[in-house]
Amino acid sequence: MPSPERQPEQGLPARNAALKILDSILRRGQTMDNAAQATRGLPPADAALAVAIAGETLRRLPDLDAMIDGATRQALPDDSKARMVLRLALAQKVGLNTPEHALVATALPLVDGGPRRLVHGVLGTLLRKGMPSLDAPRLPDAVEQRWTSAWSADVVQAARRTIAQRPPLDLSFADDEACAAFSDGVSLAPRHRRLTHGGSVTDLQGFGEGRWWVQDLAASLPARLVPSTARHVLDACAAPGGKTMQLAAAGHDVTALDRSESRLARLAENLARTGLAAETVVADALDWSPPHPFDAVLLDAPCSATGTFRRHPEVLYRARQSIIDDSAALQARLLDRAAEWVRPGGSLVYAICSLEPQEGEERIEAFLGMHPEFRIEPASTLLDGVTPHPRGWLRVLPGMLEDAGGLDGFFAVHLVRGGA
């Protein structure tokens, strides 16, 4: 994580960019990747700092707002510049340990022409009182209500702890030999290493030689459900490509399908770097027709992505109920299409990086009701600490493997088509 301890006047461009990022996410519903376009033209250190400040703000937003409201006589509008600036300043103190003089000096110019006295007064009041650690910050109310109802209050509390922590870096390896030769981190699964330190990914041992790629450990589970006997495998909605490379490394004959030409181009670059092979097809899965049925189809479907909140805290504010509803409807259509491409006796692995049952458990129950030719193949225990559900699917929740650094939220199920 970039160090915020720089001269105040040097840090202003980064803070200004962070303000624009936060505004784009909260007012316009953009992703962090899109909102981070506000850092264009900044030196890499400033760009990284801007993203870090915005991220720390989103991780603790409800508690930051509560502190601000407790220090003002009249409530500030949610989208007011004064509130936005106060959020950023307080997040730097709590999340980045920025010196108080630096955060005050860089906050006030951001409200130039606005309520500088108000911002200065609120900051002074809160800093004199002392900032809480916020090591288990609250999530947005709507999210906490959904997840308490779907899972439990304990899972919500685990999610609170999780969002305050910087997630580890997971690497997937092309083969056992490359994994064994990697000298850093710990292994939690075959062909996996987990690192807890920062630094540039491209500087890590073996990057240039293509021995591994970055992939959250939970995201590696769906490809592990594909039977080793499946020869022809389709990775539908394949980009950014981690699962494609897993499948290719496991010896499958892989077709990678995605509608994004630019994302498939990046996948092709990663295949070239790792020396792995897969056919790439640019097409919309809803319109595409394969030349032949597949032994297995892996559908990692577009979703609300709420399971990635520890890496992308903005999803907690973007993924409103309407987005969850739209995602579930799209997933139903994609499942119907993918089912047509599986040969009799073949496998359909469905996965989402969402913590919403509407996109996972409920979606599969509805699919099975419409497609009695498919059945669930019970999953085995792929990770210690992640026990398959009695129905046979895998559900990864906040709190699982917490002592080892945790996991993204995920749902995956292996379906088999009858008639072999």
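The structure is a predicted model, in which local features need pLDDT of at least 70 and side-chain atom pairs count only at pLDDT 80 or more, whereas totals for chains, interfaces and linings use all residues. Residues are numbered from 1 along each chain as its sequence is written, and side-chain values use heavy atoms, with hydrogens and water left out.

Helices here are DSSP runs of H or I with at least four residues, strands are runs of E with at least two, and both are numbered from the N terminus. Burial is judged by relative accessible area, with buried meaning under 20%, exposed over 50% and partly exposed in between (1.4 Å probe, protein chains only).

Helix α8 covers residues 141–150, and V143, E144, R146 and W147 are its buried residues. Viewed down the axis of α8, these buried residues fall within an arc of 165°, so they line one face of the helix; the arc is taken from the directions that run from the helix axis to the C-beta atoms. An α-helix has 3.6 residues a turn, so residues three or four places apart point the same way. On the face of α8 turned away from the buried side are the exposed residues D141, Q145 and S149. The buried residues of α8 pack against α9 (153–163), α14 (315–318) and α15 (321–340), where contact means heavy atoms within 4.5 Å.

Since E144 lies in helix α8 and R160 in helix α9, the pair ties together parts that are 16 residues apart in sequence. E144 is buried, with a relative accessible area of 13%, and R160 counts as buried at 18%. Leaving aside residues up to four places away in sequence, R160 touches D135, A136, P137, R138, L139 and E144.

## Other salt bridges

Side chains of opposite charge can pair when their charged atoms come close. The count by this rule comes to 25 salt bridges, and the table sets out three of them.

| Salt bridge | Closest N to O distance |
|---|---|
| K93 and E100 | 3.5 Å |

K93 is partly exposed, with a relative accessible area of 21%, and E100 counts as partly exposed at 33%. D408 counts as buried at 5% relative accessibility, and R310 is buried with a relative accessible area of 1%. Elsewhere, salt bridges that share partners join D65, D69, D78, R83 and R87 into one network.

## Aromatic rings

A search of the whole structure finds 7 aromatic pairs. Rings of Phe, Tyr and Trp (its six-membered ring) pair if their centres lie within 6.5 Å, with planes under 30 degrees apart counted as stacked, over 60 as edge-to-face and the rest as tilted. The rings of F173 and F182 have centres 5.3 Å apart and planes at 65°, so this pair is edge-to-face, and both residues are buried. The rings of W288 and W341 also have centres 5.3 Å apart, but with planes at 80°, so they too form an edge-to-face pair. W288 lies in the loop between β6 (279–282) and β7 (294–300) and W341 in the loop between α15 and β8 (342–352), so the pair ties together parts that are 53 residues apart in sequence. Both W288 and W341 are buried. Ring pairs also link Y350, W393 and F411 into a cluster.

## Q331 in helix α15

Q331 is found in helix α15 and counts as buried at 0% relative accessibility. Not counting residues up to four places away in sequence, Q331 touches A301, P302, C303, Y350, I352, E359 and R363. The side chain of Q331 reaches the backbone oxygen of P302 at 3.0 Å, a polar contact being a pair of N or O atoms within 3.5 Å in which, within protein, one must be able to donate a hydrogen and the other to accept it, while residues adjacent in sequence count only if both atoms are side-chain atoms.

How values were computed. Salt bridge = Lys/Arg side-chain N within 4 Å of Asp/Glu carboxyl O.
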